[in-house]
Amino acid sequence: MSCTKGSPGKKEITGNSCFPPVVMTASRSDSLVVLFGATAGAYGAKLGSDERELILLVWQVVDLPGKKVGTLHKSLVKADNLELSDQCREVSGLTPEGLGKAEPLDRVLQQFIQLVSSDLKVLGRSSYTLCSDGQLLIRQVLHPETSKKNFLLSDCFYSFYDLRKEFHACYPSSATVKDQTIKTMAEYLGLGTDETEEDFGVWQVKTMVAIIFSMLSESCNHIFTEPETVKYKYETGPCSKSETVDNETVIRARGLPWQSSDQDIARFFKGLNIAKGGVALCLNAQGRRNGEALVRFVNSEQRDLALERHKHHMGSRYIEVYKATGEEFLKIAGGTSNEVAQFLSKENQVIIRMRGLPFTATQEDVLGFLGPECPVTGGKEGLLFVKYPDGRPTGDAFVLFSCEEYAQNALKKHKEILGKRYIELFRSTAAEVQQVLNRYMSTPLIPTLPTPIIPVIPPPYTIATGSIRDCVRLRGLPYTAGIDDILEFMGDATADIKPHGVHMVLNQQGRPSGDAFIQMKSADKAFMVAQKCHKKMMKDRYVEVFQCSGEEMNFVLMGGTLNRSGLSPPPCKLPCLSPPAYAAFQTAAVIPAEAALYQPQALLPAARTPQASAAAPPTVTYYPAQAAQLYMNYTAYYPSPPVSPTTVGYIAAPPGAVAAAATATHTPILPQPGALVRMQGLPYNTGMKEILSFFQGYQYAPDDYNGLIQLSDQARSVLQAPKEWVCL
């Protein structure tokens, strides 16, 4: 790809345009523009890794057939931040005062185009291609900076020769490309140059020109034919699980704004070539974006450059970039559904996700909601409703639009009403379509628990309230971390955890907050854990571990806060707080030795229909001795608001356990019909009070609970009069 003189800048594409794309044809250039630059920060191999702005450009035109050169130009660039690093001051000799009189980057680049065109005219040439010392100046400095400053780069910056690669191709016995520098290349050729005699940047360009002339000599007769290219825009597309993805081409980006699209991520990596369909946004267990994405690049070289953007900024947020595997990428982006493949077969389409649709919504309803100002590609064929395996709608749908303009019109309808519900609209990706369909079609996002027959009544336990510092607080946990991850994190110290002593702290929306409390058997054990595990890594994040008291733990679990300023009590009238006291659900029941079953919420009533007990022999859940010890001691218990049920894993029960459990007299039988009710679509801030009020009129008398679980007077009052219940 080459640039002709006077070539206008090409508009940067962040999505699809409603106009035909500009087709660039590759041709061999008759001139090179040798380009060198520096930033206000790191120099050499770390150029661009610290996000510092460009402050210097030096260039010279080289006539390849005539072996002539044009005028050497040096231009300072005025950065928004004129503070220079110590290395920059030492190497370049530049000062903030001198840079303050320079032109900003956009004007310098305009002058660059004009001066190059003028030099080409003098040399009698018509086209040129840039030639730089390595990849960093073009890919890691110019493209990211101009993208952040929101102005356009000329076409010539999308194609360039890497002098190091060209030199190694011409002289295979020289050092590897990674180890090459301008100085080592000059020394290999025996060029006697002294960098102290010239200004910074001028020596580099003159030496690069001398190296090029040496490569053009009759002994080498090197020909510049295959330039490096920078993709104009990110190309969307589907990915199949049968594909092979190289582990050395994938990264994981973390800390993304939740509303980020694949185009936003591609813009963050501007200058690097992402593979087609190579951006996969990750979803959490509820099907929402979790701020992470897996990105696949065209080769390992591009991936390594992407890793250098670790903690670069997207807006006001810094993004963490880590290595990932091809297997992780396929797990998120790969799909097997023919329906999805057919839907995504229309390439270069903008995908919009619709969430919160009425379950009765039809294709006509959605098309009518979008309206004529944002026509859907292919009409009904451009709609994909997400359904459960049994065909029930989930309220999600994906829509295809042929260009960015139509997609933007659709996004303006975010939170408009369809039927009686407001609809959320977001930019989406092919990988997100695959991921959502894979999750819904394989298993519900919130797993359906097996119907229990015999409730396991957990052994008595209480939330500590004393001042003894026998607890530890874990802060900064990954949001995906579970009980198993915490136990693995603590290692041998798990043997010193009290039964039911692991408490995950949820926020007001019922999501993990990144905090957890653990009750240890003694203050000494808590102290040892805090010393041993503080700032230990869990899933690429370090976790802070502090020793605390049961009183401090209880304050946080009940909705209060604990920080350097001390304790702040929980609010008294938040509707989504937990019941007044956890002691309300204590019991002294004993777990049968042969069988241990899932314990439903203490508020579940016994069914009144006596014929229900005559149903078919129940399927119970059985724990071997080892598993019972693990699961019953470290049950995933979430005491923070809103309260989640105790979660226990399941292992298939042997037939003997069924008979033993069915004949046990000391454990009440919970019939299947009417015993359990699953509620879906609850608002995220729903608390126990709202749920009890919702079922007002269907409450059972307190005596009906006596056969199931022993309740305190306080808990019984909650069941009898939920509308009068007030948070304490």
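A residue is called buried when its relative accessible area is under 20%, exposed when that area is over 50%, and partly exposed in between, with a 1.4 Å probe and protein chains only. The legends below describe a predicted model, in which local features need pLDDT of at least 70 and side-chain atom pairs count only at pLDDT 80 or more, while totals for chains, interfaces and linings use all residues. Residues are numbered from 1 along each chain as its sequence is written, and side-chain values use heavy atoms, with hydrogens and water left out.

**Figure 1. The chain as a whole.** The chain holds 21 helices and 27 strands, where helices (H or I, at least four residues) and strands (E, at least two) are DSSP runs numbered from the N terminus. Of the 728 residues in the chain, 50% are buried. When contacts (heavy atoms within 4.5 Å) with a separation of 6 or more are considered, 75% of them join residues 24 or more positions apart.

**Figure 2. Two aromatic pairs, Phe112 with Phe157 and Phe167 with Tyr188.** A pair of aromatic rings is described by the distance of the centres and the angle of the planes. Rings of Phe, Tyr and Trp (its six-membered ring) pair if their centres lie within 6.5 Å, and planes under 30 degrees apart count as stacked, over 60 as edge-to-face and the rest as tilted. The whole structure contains 12 aromatic pairs. In one of them, Phe112 and Phe157, the ring centres are 5.6 Å apart and the planes meet at 40 degrees, so this pair is tilted. Phe112 belongs to helix α3 (residues 105-123), whereas Phe157 sits in the loop between α4 (136-148) and β7 (159-162), so that the pair links parts of the chain 45 residues apart. Phe112 is buried because its relative accessibility is 0%, and Phe157 is buried because its relative accessible area is 2%. Phe167 and Tyr188 form an edge-to-face pair, with 5.9 Å from centre to centre and 85 degrees between the planes. This pair joins helix α5 (residues 163-170), which holds Phe167, to helix α6 (residues 182-189), which holds Tyr188, and the two residues are 21 residues apart. Phe167 is buried because its relative accessible area is 0%, while Tyr188 has 39% relative accessibility and therefore counts as partly exposed.

**Figure 3. Phe200 and its surroundings.** Phe200 is placed in the loop between α6 and α7, and its relative accessible area of 11% is why it counts as buried. Ring pairs join Phe200 to a cluster with Phe36 and Tyr43. Leaving aside neighbours within four places in sequence, Phe200 is in contact with Phe36, Ala38, Tyr43, Leu56, Lys74, Val91 and Ser92. The C-alpha atoms of Phe200 and Gly37 are separated by 9.9 Å, although these residues are 163 residues apart along the chain.

**Figure 4. Thr39 in strand β2.** Strand β2 covers residues 31-39 and includes Thr39, which is buried because its relative accessibility is 3%. A polar atom of the Thr39 side chain lies 3.4 Å from the backbone oxygen of Ala42. Not counting residues up to four places away in sequence, Thr39 touches Leu47, Arg52, Glu53, Leu54, Ile55, Cys88 and Val141.

**Figure 5. The loop between β22 and β23.** Most residues other than glycine have a negative phi, and most peptide bonds are trans. Lys539 lies in the loop between β22 (536-538) and β23 (541-548), and its phi is near 55 degrees, a positive value in a residue other than glycine. Asp540 lies in the loop between β22 and β23, with a positive phi near 70 degrees. Lys539 is partly exposed because its relative accessible area is 40%, and Asp540 is partly exposed because its relative accessible area is 45%.

**Figure 6. Asn507 and Leu557.** Asn507 is found in the loop between β20 (497-506) and β21 (512-520), and it counts as partly exposed because its relative accessibility is 26%.

Conventions:
Polar contact = N/O pair within 3.5 Å; in protein donor to acceptor, adjacent residues only side chain to side chain.
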